[in-house]
Amino acid sequence: TTHVAGRYSPAPDNNLRFLVAKRPVGPCYLVTPWNFPLAMATRKVGPALAAGCTCVVKPARLTPLTTLLFAEILQQAGLPDGVVNVLPTAHTAAVTDPLIADPRLRKLSFTGSTPVGKQLIAAASENVLRVSMELGGNAPFLVFEDADLDKAVDAALAAKFRNGGEACTAANRFFVQESVAEEFTSRIAARVESMKVGHGTEPGVDVGPLIDAAAVDKCRELVDDAVSRGAKVLVGGREVSGPGHFFEPTVLADVPREAKIVAEEIFGPVLAISTFTTESEAVERANATEYGLASYVMTESVDRVHRMVDALDYGLMGVNVGVMSNAAAPFGGVKQSGMGREGSFEGIEEYLSVKYTLIPG
């Protein structure tokens, strides 16, 4: 904590001084997801250790090995036994419930779905734990008529198909201004049609397998629902036989407001396009969700960028880029996408408490 600043200052009253110090919040329980197991563990464990906290890490049931290897590396680097403890389990409640109820625990950090996050917040309230929550997303990707379409297409592909779409920041709803919708859509469809599906060990693969069969089923369900409501499949739309769990990179056009894919996080390689007429309509549709994690804006207008900064109700916004995560920047959402931040100066604050001391003289 030598790099964490407090302050020492005179009080308004004579002969008094304020000492404000930041101290480790205490033992932490860190729950990580399956989709970026190393990144999720390091960005929780790193600031916890830097702040002076011990921690218990529960990796996702589907991807525990990376976190176990990370703990080995920490041990090899000289971290004392008992400072970072990894608890893989197939029975999450059996581990989580007693840990959250333990009066020694002071902090809970969770990355995962919003429904599970709500349950953990409720459980954490019993002992008034500090909580950080990085929950679900429903990221809008807005393409305005003045956008550079070369940039917009590249950004759209990165925002949608990075990690096969299995990312909380993945673009979920593509809103394209009517005057450029046909050209943007045709360019996207051509690029997606050329994508190769396969295992990561195969040369030239663009889209790999999804995490499990349930993920494939979710993609199929959302695509079928959208089509039943009038959306058009331009590319893909079907699962791919394994071994492994694959779904074709898919482009849907004319996706109506009432389609499930507009309201639910996809977490797969499905790009769903709707159109809008005015800027105010784009903002209204982008904000019409309980989520507020990532958002994307494609425009060449600096004035519009500033309007979007004020108008879009999201914790993250990328302008003419498709990947915005950066360890040096604060990461987190608003509304039902969570609370707290990871990364940058803001990230370590989640693991610190403030202590005020009044000193005479």
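Seven strands make up an open sheet with mixed pairing, in the order 10-13-14-9-8-15-16. Strands are DSSP E runs of at least two residues, and helices are H or I runs of at least four, both numbered from the N terminus. Two strands count as paired if DSSP finds at least two bridges between them. At the edges are strand 10 (232-235) and strand 16 (316-319), each of which pairs on one side only. On average, neighbouring strands of this sheet are turned by 25 degrees against each other, with direction ignored.

The model is predicted: local features need pLDDT of at least 70 and side-chain atom pairs pLDDT 80 or more, whereas totals for chains, interfaces and linings use all residues. Residues are numbered from 1 along each chain as its sequence is written, and side-chain values use heavy atoms, leaving out hydrogens and water.

Strand 8 (residues 139-143) and strand 9 (residues 171-177) run parallel and are joined by five bridges. Within this pairing, Val-143 stands opposite Val-176 in strand 9. Helix 6 (residues 178-193) packs on the sheet, and the strands it touches include strand 8, strand 9 and strand 10; contact means heavy atoms within 4.5 Å. The direction of helix 6 makes about 135 degrees with that of strand 9. Such angles run from 0 to 180 degrees between N-to-C directions, with axes fitted to C-alpha atoms, for helices over the stretch in contact. Helix 10 (residues 302-311) lies across strand 8, strand 15 (294-298) and strand 16, at about 165 degrees to strand 16.

I turn now to the salt bridges. A salt bridge here is a side-chain nitrogen of Lys or Arg within 4 Å of a carboxyl oxygen of Asp or Glu; the count comes to 21. In one of them, Lys-22 meets Glu-349, with the closest N and O atoms 3.0 Å apart. Lys-22 lies in strand 2 (residues 16-24) and Glu-349 in helix 11 (residues 344-349), so the pair ties together parts 327 residues apart in sequence.

Which residue forms a salt bridge with Glu-342? The partner is Lys-44, the closest N and O atoms being 2.7 Å apart. Glu-342 is in the loop between strand 17 (338-339) and helix 11, and Lys-44 in helix 1 (residues 37-51), 298 residues apart. Glu-342 is buried at 7% relative accessible area, and Lys-44 is buried at 1%. Buried means under 20%, exposed over 50%, and partly exposed in between, with a 1.4 Å probe and protein chains only.
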